[in-house]
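These are my notebook entries on a single structure, set down in the order in which I looked things up.

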Amino acid sequence: KMRSAGRRWGRWQRVLLCGVLLAAWEVAWGQLRYSVPEEIPKGSFVGDVVKDLGLQLPALRDRGVRVVSEDKTQYFALHEKTGHLVTFKRIDREQLCGSVEHCVLRCELIVEGEMKFYEIEVEVTDINDNAPNFKEIEMEETISENTAPGSRFPLRSAHDSDFGRNSLQSYDLNGDEHFSLAVQTGPGGDQRPELVLAKALDREEAAFHELVLRASDGGDPARTGTARIRVRVLDANDNAPVFSQAEYTVRVPEDVPVGSTLVTVTATDPDEGFNGHVKYSLKTITEKALQVFHLDDETGEITLLRSLDFDKENYYELEVQARDGGSLSDIAKVAIAVTDVNDNVPEILVHSALSEISEDVPSETVVALLQVHDRDSGANGEVHCSLEGGVPFRLESSKGSYYRVVTARELDREQQSEYNVTVRAVDGGRPTLQSSTVLALRVLDVNDNAPVFEQERYSARLSENNAAGALVLSSLVVLVKDHGRPALSATATLSVVLAENVAELLAELGSAAQAEAAPGEPAGSLTRWLVLAVAAVSCLFLAFLLLLLALRLRRWRRSQQQQQLLATAGGALRGVPPTHFVGIDGVRAFLHSYSHDVSLTADSRKSHLRFSAASCCDTLPARPPPDEPAPLLGEEVPA
């Protein structure tokens with residue numbers, strides 16, 4: 001006994017170890033799985049994501065964390081203070097998954113600062129929140145009085161939106177002794193109630209029979225739904241309607257227009273009159289299909305009430321009943337398969353992206369994290385992503401539908417400082433659908449370029465016998481540094497050549513150019529430019545001399561005119577104070593700094609000009625007085 005107990009304990013240890021290893025493997029691959037019941041309030045706890053992933057909550061707040069879902073509806077969120085995954089809204093399992101056995105919602109935890117994501121799966125379990133219900137709570141059956149006991153008449157099934165044990169489990173019938181209930185199991189495991197004639201009918205005895213059909217689910221406590229059945233007894237009808245085929249199958253594209261006729265069912269009855277008149281009805285149909293299809297009870301045409309969507313529902317199964325006037329009937333199955341059409345454009349979701357990047361980042365640096373999603377299926381949902389233009393970036397396929405934009409080579413801000421990276425997604429449909437998004441990226445500068453002189457050597461001409469302080473023959477090397485980290489520099493050489501004449505200067509410059517020229521590089525170009533420079537400087541100097549000579553000549557002519565004016569008006573200027581004669585020599589702008597006195601004698605044709613020392617001391621530097629006084633204006637110079 002002890003050995004067997006030890007073996008059982010060993011098996012439990014191995015099972016527990018496998019469970020732990022499986023959980024650790026899922027966490028290592030970045031995937032978490034949780035389970036919550038439906039209809040729980042908003043903000044309810046789902047799982048401790050931060051703890052299960054081994055992350056630190058304070059660090060995650062700084063790096064930017066959010067939860068995104070596969071579709072546009074947000075069902076979960078991350079609590080900022082606790083790091084728990086909580087519900088963002090009320091979840092209705094029946095609305096989301098319908099009759100799917102495992103209702104799983106998927107989302108991703110995006111860590112923007114680390115360019116990482118973690119997949120999360122949450123299974124929504126069912127609760128008994130829906131009671132079985134009949135589409136019609138009042139049913140009417142017509143049965144001929146000559147119908148043999150044991151005959152069966154299909155009844156309309158109840159519908160329960162819950163799943164598993166909470167779904168529809170059983171039927172029971174309350175009425176009289178003429179009828180009993182039988183339940184058949186359909187191909188999909190559904191229960192189909194049938195009314196069984198237990199005792200022969202007599203219309204003269206009773207023309208109507210009232211029954212109650214009740215449907216129950218398996219919840220705790222159980223929920224029920226009821227329908228009333230009114231059986232009308234008719235005279236004999238010996239032929240039942242028969243469908244042209246037992247099963248109708250049709251394939252329609254999802255973009256078929258609303259109002260189109262998808263299929264027409266046909267049943268015939270050889271009886272005449274009221275007993276041979278056939279009417280059609282939908283026997284078994286889901287709530288969703290009832291909102292999509294319509295059956296004409298007279299013609300048997302099944303038409304479309306609303307648009308189809310392959311991504312939401314791609315298969316429908318209906319049961320059509322044909323009944324004659326004498327209550328005899330036949331049933332046919334209608335299967336409608338919806339085919340996919342490329343009607344969804346690929347979606348590009350940018351979960352994280354940089355707006356600035358340094359030009360010295362290494363290759364393979366991640367600049368953006370993208371996700372591509374196409375709701376179509378098959379080839380229509382296969383998406384190919386690419387980058388447009390010759391940009392120094394490339395796409396890397398990550399896990400699932402995620403892509404990373406990384407640098408493909410080194411960047412150079414001096415060549416291009418900004419990039420508009422266009423990401424294009426194209427699906428595999430015919431015709432193809434595509435979408436694009438643009439990532440704006442600015443390249444930041446680093447100190448990777450040294451300053452550069454326009455030319456490596458600078459030459460100048462200097463004449464001999466200069467005064468003290470003038471430049472002498474020399475070769476000056478100039479070093480320039482910038483303020484970068486580290487500092488970069490460049491140098492240039494300035495050469496000064498002394499020559500007696502132009503011919504010697506040209507010879508010196510030519511020899512200097514030949515000496516500095518690189519091996520195999522002609523020096524004639526440098527000499528030619530130097531000759532042109534010397535010629536230009538010479539022309540400028542000659543023009544300056546001509547301008548100076550013209551100014552001297554103009555001043556001389558003006559002084560002659562002033563002398564003539566003074567000689568003519570000599571008699572009229574007697575007695576006029578000498579301070580009134582200001583600006584005789586043409587200086588008119590600076591009255592204080594350049595003011596002077598002019599005196600004329602009454603009996604002389606010569607003028608006397610006297611400068612005031614106080615008038616020019618503020619403008620010109622003082623000079624030592626000459627040995628002899630300079631001749632005055634208009635005074636003759638002795639030979």
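**Salt bridges**

I began with Arg-230 and Glu-210, whose side chains meet in a salt bridge at 2.6 Å, N to O. Arg-230 belongs to strand S16 and Glu-210 to strand S15 (residues 208–217), so the contact ties together parts that are 20 residues apart in sequence. I noted that the model is a predicted one. Arg-230 is partly exposed at 34% relative accessible area, and Glu-210 is partly exposed at 40%.

Next I looked up Arg-152 and Glu-194, which form a salt bridge of 3.2 Å, N to O. Here too distant parts of the chain are linked: Arg-152 is in strand S10 (residues 152–154) and Glu-194 in strand S14 (residues 191–197), 42 residues apart. Arg-152 is partly exposed at 45% relative accessible area, whereas Glu-194 counts as buried at 16%. I also recorded a network of salt bridges that links Glu-364, Arg-394, Glu-396 and Arg-404.

**Cysteines**

How many disulfides are there? I counted one. The bond joins Cys-97 to Cys-103, with an S to S distance of 1.9 Å. Cys-97 counts as buried because its relative accessibility of 16% is under 20%. Cys-103 is buried at 0%, and Cys-107 is buried at 1%. Cys-539, by contrast, counts as exposed at 54%.

I located a patch of negative charge on the surface, formed by Asp-202, Glu-204, Glu-205 and Asp-235. Asp-235 lies in the loop between strand S16 (224–234) and strand S17 (242–243), and is partly exposed at 48% relative accessible area.

A nonpolar surface patch comprises Phe-541, Leu-542, Phe-544, Leu-545, Leu-546 and Leu-548, with about 610 Å² of accessible area together. I placed Leu-542 in helix H7 (residues 524–568).

Last, I checked Val-320 in strand S24 (residues 315–323). Val-320 is buried, at 0% relative accessible area. Its C-alpha is 4.6 Å from that of Leu-282, although Val-320 and Leu-282 are 38 residues apart in sequence.

Notes
Residues are numbered from 1 along each chain as its sequence is written. This is a predicted model: local features need pLDDT of at least 70, side-chain atom pairs count only at pLDDT 80 or more; totals for chains, interfaces and linings use all residues. Side-chain values use heavy atoms; hydrogens and water are left out. A disulfide is a pair of cysteine sulfur atoms within 2.5 Å. Buried means under 20% relative accessible area, exposed over 50%, partly exposed in between (1.4 Å probe, protein chains only). Patches are made of residues with over 30% relative accessible area and no salt bridge: like charges are joined within 9 Å, nonpolar side chains (Val, Leu, Ile, Met, Phe, Trp, Tyr) within 5 Å. Accessible areas come from the Shrake-Rupley method with a 1.4 Å probe; for residues, only the protein chains shown count as cover. A salt bridge is a side-chain nitrogen of Lys or Arg within 4 Å of a carboxyl oxygen of Asp or Glu. Lys and Arg count as positive and Asp and Glu as negative; His and the chain ends are not counted. The place of a charge is taken as NZ of Lys, CZ of Arg, CG of Asp or CD of Glu. Helices (H or I, at least four residues) and strands (E, at least two) are DSSP runs, numbered from the N terminus.
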